[in-house]
Amino acid sequence: MTAAAANQSGRRPTQARRMERAGIRDVAAAAGVSITTVSDALNGKGRLPDETRSKVREVAERLGYRPSAAARTLRTGRSGLIGLTVTTYGQEPFTFTEFAYFAEMARAATSAALTRGYALVVLPATSRHDVWGNVALDGTVVIDPSDHDPMVAELYRQGLPVVSDGKPGNCPVTAWVDNDHAAAVMGILDHLAEAGARRIGLLTGTSTDTYTRLSTEAYLGWCHRVGQEPLYEAYPAHDPCAGAVAADRLLARPDRPDAVYGLFDPNGTDLLAAARRYGLRVPEELLLVCCSESDVYSTTEPPITTLSLKPQRIGTTVVNLLIDAIEGTGTAVGGDHPTGQLMPTELIVRRSSQRRPPRTTVSPPRDPGED
């Protein structure tokens, strides 16, 4: 037997006990009260003197007591876990946290969940393993669900509250939060037109989520209104390589656009690289705007105008709506009449969408004596 093993075998029971997490019985013994009193004090229940409630909480904090998740589930019927997933691209592999919007939204959602005493579990839309079946969720946030989304339908069938980041289309959700994508796209196209663009193109996606669909429909409607032939390329947005190819196709057209709006985060750099390959100067010969939350676009050459969808506000709002539904304190009805909220967007205008006015030479005033 090694010295370390001998030392371990010689541990006193009290030493081993110190390494264990304190339980509710330990708190009750240290505070000199019953287990029921500890439970009531920590859960804000019962008619206890403020002094007793404060003492129990102080002892629990000192001992490092944390309620058992299993006990809480038995007591409340809730696990304290809420899920978050992106189902937009179905069976296609998609690491959504690599995109700035999703990363910001998930960060805000995590913070909001912890503030309310819940943990956020990020889950894949599909998996070879039964990941969803192994996690007891109280509800789920689904980002950009597609029309007739099977994942949302299954969660609804199980009776779990679902709040979507994005209008749900034909999906049965409890509540949803989204931006007014049509208004945002119209504003961007008008901005480009005011900057002198006459042939505005669009980089869009092939998926059926409401963000892509509503944005594309708004672009086509704008083209019809101003009498412009639509110039757009669609690609599977979950594939980062496909965006660069689509940007190249758009700028290689014989009727090449003189301005482009890209719906997705990488489109700005994709279009900037394609413009350089074709010798197009930005913004003099090509105006650019993309939808992104990334700070990188403030440092490109030239800096690129971006549309912000405010994912922090959306992430916080969807989680609070979901927890309200779980705890029965919200106003969401769900089913055919879910609660909906629209969040404002912000166009951050940079040099890529602003043409410099032509230089004019101003002659100095003539001296009357020269006549």
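The questions below ask how terms are applied to this predicted model.

In this predicted model, local features need pLDDT of at least 70 and side-chain atom pairs count only at pLDDT 80 or more, while totals for chains, interfaces and linings use all residues. Residues are numbered from 1 along each chain as its sequence is written, and side-chain values use heavy atoms, with hydrogens and water left out.

Q: How many helices and strands does the chain have, and what counts as one?
A: The chain has 13 helices and 12 strands. Helices (H or I, at least four residues) and strands (E, at least two) are DSSP runs, numbered from the N terminus.

Q: Why is helix 3 called oblique to helix 5?
A: Helix 3 (residues 24–31) and helix 5 (residues 50–63) pack at about 125°, with axes 9 Å apart. Axes are lines fitted to C-alpha atoms, for helices over the stretch in contact, and angles run from 0 to 180 degrees between N-to-C directions. Angles under 35 degrees count as roughly parallel, over 145 as roughly antiparallel, 65 to 115 as roughly perpendicular and the rest as oblique. The angle therefore makes helix 3 oblique to helix 5.

Q: Which residues make the contact of helix 3 with helix 5, and how do they divide?
A: Contact means heavy atoms within 4.5 Å. Helix 3 contributes Asp26, Val27, Ala30 and Ala31, and helix 5 contributes Lys55, Val56, Val59, Ala60 and Leu63. These residues divide into 7 nonpolar, no polar and 2 charged (Ala, Val, Leu, Ile, Met, Phe, Trp, Tyr, Cys and Pro count as nonpolar, Asp, Glu, Lys and Arg as charged, and the others, Gly among them, as polar).

Q: What makes helix 7 oblique to helix 13?
A: The axes of helix 7 and helix 13 (residues 311–327) come within 7 Å and cross at roughly 40°. That angle makes helix 7 oblique to helix 13. Where the two helices meet, the residues divide into 11 nonpolar, 3 polar and 1 charged.

Q: Why do strand 2 and strand 11 stand at the edges of the sheet?
A: The open sheet has 6 strands in the order 2-1-3-4-5-11, with parallel pairing. Strand 2 (119–122) and strand 11 (339–343) each have a single partner strand, so one side of each is left without a neighbour in the sheet. From one strand to the next, the twist averages 20°.

Q: How do you know that strand 4 pairs with strand 5?
A: Two strands pair if DSSP finds at least two bridges between them. Strand 4 (residues 162–165) and strand 5 (residues 175–179) have 3 bridges, in the parallel sense. Strand 4 also pairs with strand 3 in the parallel sense, over 4 bridges. Within strand 4, Asp165 is the bridge partner of Ile143.
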